[in-house]
Amino acid sequence: MPPIVRPDDCQPAKTLWFDRKKYITINFLVQKATNVQVDIQDTKMILSCKDDDDNNIYNEIEFYDRVHKNDSREKVYDRTINVLIRKMKDNVAWPRLTKDTAKPAWLSVDFDNWRDWEHEEEDGQAEFEQYMDMLSDMKQKGEPPSMDDLDLDSD
């Protein structure tokens, strides 16, 4: 694949991203993208395309950490270009998408899809322990009251 050249008159696509245990998902919000080129490298990615108004779109992202470029995929939809990128280190949370601590104005966290997966097992364990404590409390209070005297046919 020839290198993607940044067009002179281009603008970045609004971009949403979220983190998972093994992957980073990036969604570029581009209406009816054409001439889509995606170049995923070990430390960065480049997206170049045209939108439905024939504007040149160009995004370049220097990643927070290294990725598996060969285990990454992109899919073009009517309103988005979705990119799934495999992280080099599984189970390591990325505090941000970019290497640079300054966040570009066009980049946002996709809070609709964000999960704090780092503490999932611990949260589940805490809920389980809370449930077990509740069951234990119920047993200590004795037998439940008899409900034989309730008249269910009193309509």
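Predicted model: local features only at pLDDT ≥ 70, side-chain atom pairs only at ≥ 80, totals over all residues.
**Notebook: loop, strands, core and charged pairs**

I began with Lys32, which counts as exposed at 53% relative accessibility. Lys32 sits in the loop between S3 and S4.

I found Asn35 in strand S4. Asn35 counts as exposed, with 56% relative accessibility.

**Leu47**

Is Leu47 buried or exposed? I noted 0% relative accessibility for Leu47, so it counts as buried. Leu47 belongs to strand S5, residues 44-50. I listed its contacts, leaving out residues up to four places away in sequence: Phe28, Val36, Gln37, Val38, Ile57, Tyr58, Asn59 and Ile81.

**Core**

Next I turned to the largest nonpolar core, which has 23 residues. Which members touch the most other members? I wrote down Ile26, Phe28, Met45, Phe63 and Leu97. The elements that give two or more residues to this core are strand S3 (23-29), strand S4 (34-40), S5, strand S6 (56-62) and strand S8 (80-87). As background, nonpolar side chains tend to be buried together in soluble globular proteins.

I followed up on Leu97. Setting aside neighbours within four places in sequence, I found Leu97 in contact with Trp17, Ile24, Ile26, Ile61, Glu62, Phe63, Tyr64 and Leu107.

**Salt bridges**

How many salt bridges are there? I get a count of seven. I looked at some of them individually.

Lys44 and Glu60 meet through their side chains in a salt bridge, at 3.0 Å from N to O. This pair links distant parts of the chain, with Lys44 in strand S5 and Glu60 in strand S6, 16 residues apart. Glu60 is partly exposed, its relative accessible area being 37%.

Lys50 pairs with Asp54 in a salt bridge whose closest N and O atoms are 3.8 Å apart. I checked the accessibility of both partners. Lys50 counts as partly exposed at 23%, while Asp54 is exposed at 51%.

Asp71 forms a salt bridge with Arg86, and here the closest N and O atoms are 3.0 Å apart. This pair too links distant parts of the chain: Asp71 lies in strand S7 (residues 67-76) and Arg86 in strand S8, 15 residues apart. Asp71 is partly exposed, with a relative accessible area of 29%. Why does Arg86 count as buried? Its relative accessibility is 18%, and buried means under 20%. I also noted a network: salt bridges that share partners join Asp71, Arg86 and Asp90.

**Cysteines**

Last, I checked for disulfides and found zero in the structure. Cys10 is partly exposed, with a relative accessible area of 22%. Cys49 is buried, with a relative accessible area of 3%.

Terms used. Residues numbered from 1 in each chain as written. Heavy atoms only, no water. Disulfide = S-S within 2.5 Å. Buried < 20%, exposed > 50% of the residue type's maximum accessible area, 1.4 Å probe, protein only. Helix = DSSP H or I, 4+ residues; strand = E, 2+ residues; numbered from the N terminus. Contact = heavy atoms within 4.5 Å. Core = buried A, V, L, I, M, F, W, Y, C linked by side-chain atoms within 4.5 Å. Salt bridge = Lys/Arg side-chain N within 4 Å of Asp/Glu carboxyl O.
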